[in-house]
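User: I'd like to learn how to read a helical model feature by feature. Could you take me through one, starting with how a helix begins?

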Amino acid sequence: MTRDEIRQRTIDVIYECVPDMEGTALADDTVINTDTAIDSMGFVMIMCRLEAQFGVKIPDRQWKKLYTLGDVVTAIEKRLPKA
């Protein structure tokens with residue numbers, strides 16, 4: 001799976017969890033908790049869905065280090081099995 005595919009699936013999950021954001025442009029440097037309408041509970045819901053979607057586990061202690069969409073994509077990318 002390419003980084004672009006991971007990014008697009010991540011954005012799709014964000015739109016599913018926060019329907020009001022659908023159509024909002026999200027870039028790698030978009031800060032999830034301040035540039036968007038996502039609160040801390042929304043972030044937890046998104047991360048849980050992403051873990052299920054990609055079949056990965058991101059340690060809870062790392063969640064607080066994920067600020068941007070790019071950070072989230074990188075965290076998922078690092079945990080996916082190598083092809």
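Analyst: Happy to. A polar contact is a pair of N or O atoms within 3.5 Å; within protein, one must be able to donate a hydrogen and the other to accept it, and residues adjacent in sequence count only if both atoms are side-chain atoms. In this predicted model, a side-chain oxygen of Asp 39 comes to within 3.3 Å of the backbone nitrogen of Met 41, at the start of α2. Helices here are DSSP runs of H or I with at least four residues, strands are E runs of at least two, and the numbering goes from the N terminus.

User: What are the ground rules for the numbers you quote?

Analyst: Residues are numbered from 1 along each chain as its sequence is written, and side-chain values use heavy atoms, with hydrogens and water left out. As the model is predicted, local features need pLDDT of at least 70 and side-chain atom pairs count only at pLDDT 80 or more, while totals for chains, interfaces and linings use all residues.

User: And how far do I trust the coordinates?

Analyst: Look at pLDDT, the predictor's confidence in each residue, from 0 to 100. Where it is low, the predicted coordinates should not be read in detail. For this protein the mean is 91, and 99% of residues reach 70 or more.

User: Which residues of α2 are buried?

Analyst: The cut-offs are under 20% relative accessible area for buried, over 50% for exposed, and partly exposed in between (1.4 Å probe, protein chains only). An α-helix has 3.6 residues a turn, so residues three or four places apart point the same way. In α2 the buried set is Gly 42, Phe 43, Ile 46, Met 47, Leu 50, Glu 51 and Phe 54. Their cover includes α1 (3–17), α3 (60–63) and α4 (69–79), where contact means heavy atoms within 4.5 Å.

User: How many aromatic pairs are there?

Analyst: A pair of aromatic rings is described by the distance of the centres and the angle of the planes. Rings of Phe, Tyr and Trp (its six-membered ring) pair if their centres lie within 6.5 Å; planes under 30 degrees apart count as stacked, over 60 as edge-to-face and the rest as tilted. That rule gives 1 aromatic pair. Phe 43 and Trp 63 make it, edge-to-face, at 6.4 Å centre to centre with 85° between the planes. Phe 43 sits in helix α2 and Trp 63 in helix α3, so the pair ties together parts that are 20 residues apart in sequence. Both residues are buried.

User: What about the threonines: which are buried and which partly exposed?

Analyst: Thr 10, in helix α1, is buried at 1% relative accessible area. Setting aside residues up to four places away in sequence, Thr 10 touches Leu 50, Phe 54, Leu 69, Val 72, Val 73 and Ile 76. Thr 30 belongs to the loop between α1 and α2 and is buried too, at 12%. A polar atom of the Thr 30 side chain lies 2.8 Å from the backbone nitrogen of Ala 27. Thr 74, in helix α4, counts as partly exposed at 27%. The C-alpha atoms of Thr 74 and Ile 6 are 9.0 Å apart, though 68 residues separate them along the chain.

User: How does the whole fold read?

Analyst: There are 4 helices and 0 strands, in the order α-α-α-α. Radius of gyration is taken over C-alpha atoms, and the globule rule is 2.2 Å times the number of residues to the power 0.38. Here the radius is 12 Å, close to the 12 Å the rule gives for 83 residues, so the protein is as compact as a globular protein of that length. Buried residues make up 41% of the 83.
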